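Me: Please go closely through one part of this model, the pairing of oppositely charged side chains. Then set that part in its surroundings.

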Amino acid sequence: MNKKVLAGLIFALCGLAPLIAKSTEVSVLSENALQKLKDVGLTIEHTEPSPVSGIFTVVSQQGVSYVDKEGDYIFTGSLFKVNGKDVENTTEQAVLKGVRSFVDRTKVIEYKSPQEKYSLAIFTDITCGFCQKLHHDIDSYLKAGITIKFLAFPRAGLNSVVANNMAKIWCAADPAKALTDAMNSSNLPEGRPDDKCTDIIKSHYQIASTIPLQGTPTMVTLSGKPQVFTGWLSPDSIVKQMEASAK
């Protein structure tokens with residue numbers, strides 16, 4: 001790691017020492033602390049204790065923040081754990097856990113493997129060539145034991161025709177069939193999506209910004225160690241990487 005970056009990290013953590021020393025371990029942020037964060041404009045997706053005693057990780061639509069248990073102090077940036085001569089980005093892990101939590105409570109389009117060993121959340125766009133390639137081969141992922149849960153990420157933005165079309169797909173009578181039809185033949189459900197449907201797409205787009213997402217497809221593991229894969233990957237490659245992280 002760059003010596004200046006490492007020095008900055010050490011300085012930042014040392015500066016937190018008095019605050020950490022006075023704190024008492026708690027497992028969740030209080031409602032009062034959460035309200036303070038909301039009052040300053042954070043739209044919170046996920047919170048958890050950070051690796052630093054007395055400090056909480058807050059994943060919001062505005063990014064990742066760290067706060068004390070009272071919600072009186074807040075700072076941003078990446079938090080690294082020193083492992084010998086290497087460092088681990090614990091902020092990235094917190095973000096991916098936030099995505100996992102979001103997937104549990106949002107509407108996804110799921111293709112379940114009959115021999116499920118692994119589970120992936122995939123941010124997709126119906127106009128993305130590599131997303132279409134992945135979808136064309138979806139049976140090979142399912143046969144490899146990979147269950148896929150799709151989330152929407154219209155690359156052209158929330159006010160685009162693509163976002164509108166993806167909202168129609170997500171609220172179709174059979175969303176999985178509608179998504180497959182759109183990917184394979186560009187056929188789309190008729191009608192206009194209601195506000196509930198467009199809000200689903202908006203929430204997917206916003207949670208993607210916390211990664212931050214660099215393109216589609218982007219995959220987030222939902223089983224095993226939290227990992228993110230950007231771009232198209234074969235089923236074998238995904239399985240190898242997930243197996244390697246479990247060792």
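Reply: A salt bridge here is a side-chain nitrogen of Lys or Arg within 4 Å of a carboxyl oxygen of Asp or Glu. This is a predicted model, in which local features need pLDDT of at least 70 and side-chain atom pairs count only at pLDDT 80 or more, while totals for chains, interfaces and linings use all residues. Residues are numbered from 1 along each chain as its sequence is written, and side-chain values use heavy atoms, with hydrogens and water left out.

By that criterion the structure holds seven salt bridges. Among them is the pair of Glu 48 and Lys 97, whose side chains meet with 3.8 Å between N and O. Glu 48 belongs to strand β1 and Lys 97 to helix α3, so this bridge ties together parts 49 residues apart in sequence. Helices (H or I, at least four residues) and strands (E, at least two) are DSSP runs numbered from the N terminus. Glu 48 is buried because its relative accessible area is 17%, whereas Lys 97 is partly exposed at 36%. Buried means under 20% relative accessible area, exposed over 50%, and partly exposed in between, with a 1.4 Å probe and protein chains only.

A second bridge joins Glu 45 to Arg 105, with the closest N and O atoms 2.7 Å apart. Glu 45 sits in β1 (residues 44-49) and Arg 105 in α3 (residues 90-105), and the two are 60 residues apart, so the pair links distant parts of the chain. At 12% relative accessible area Glu 45 counts as buried; Arg 105, at 47%, is partly exposed.

Asp 72 and Lys 36 form another bridge, with 2.6 Å between the closest N and O atoms. This pair also links distant parts of the chain: Asp 72 is in the loop between β3 (63-68) and β4 (74-76), Lys 36 is in helix α2 (residues 31-39), and 36 residues separate them. Asp 72 is partly exposed, its relative accessible area being 48%. Lys 36 is likewise partly exposed, with 28%.

Now the surroundings. The chain's secondary structure comes to nine helices and eleven strands, and buried residues make up 45% of its 247 residues. Contact means heavy atoms within 4.5 Å. Of the contacts in the chain with a separation of 6 or more, 65% are between residues 24 or more positions apart.

The interior comes next. A nonpolar core is a set of buried Ala, Val, Leu, Ile, Met, Phe, Trp, Tyr and Cys residues joined through side-chain atoms within 4.5 Å. The largest one has 35 residues, and Phe 150, Trp 170 and Ile 238 have the most contacts inside it. Helix α6 (residues 161-170) gives the largest share of this core, five residues. Apart from it lies another core of 22 residues, with Val 64, Leu 79, Leu 96 and Leu 151 among them.

Eight of the ten residues of α6 are buried, so the rest of the structure largely encloses this helix. Those buried residues include Val 162, Asn 165, Lys 168 and Trp 170. They pack against β7 (109-111), β8 (118-124), β9, α7 and α8 (195-208). Leaving out residues up to four places away in sequence, Trp 170 touches, among others, Lys 107, Phe 150, Leu 151, Pro 175 and His 204.

Ala 156 lies in the loop between β9 (146-152) and α6. With 60% relative accessibility, Ala 156 is exposed.

Two backbone details remain. Most residues other than glycine have a negative phi, and most peptide bonds are trans. The peptide bond from Thr 216 to Pro 217 is cis, with omega near -5°, and Pro 217 lies in the loop between α8 and β10 (218-221). Ser 186, a residue other than glycine, has a positive phi, near 65°. Ser 186 is in the loop between α7 and α8, and it counts as exposed because its relative accessible area is 59%.
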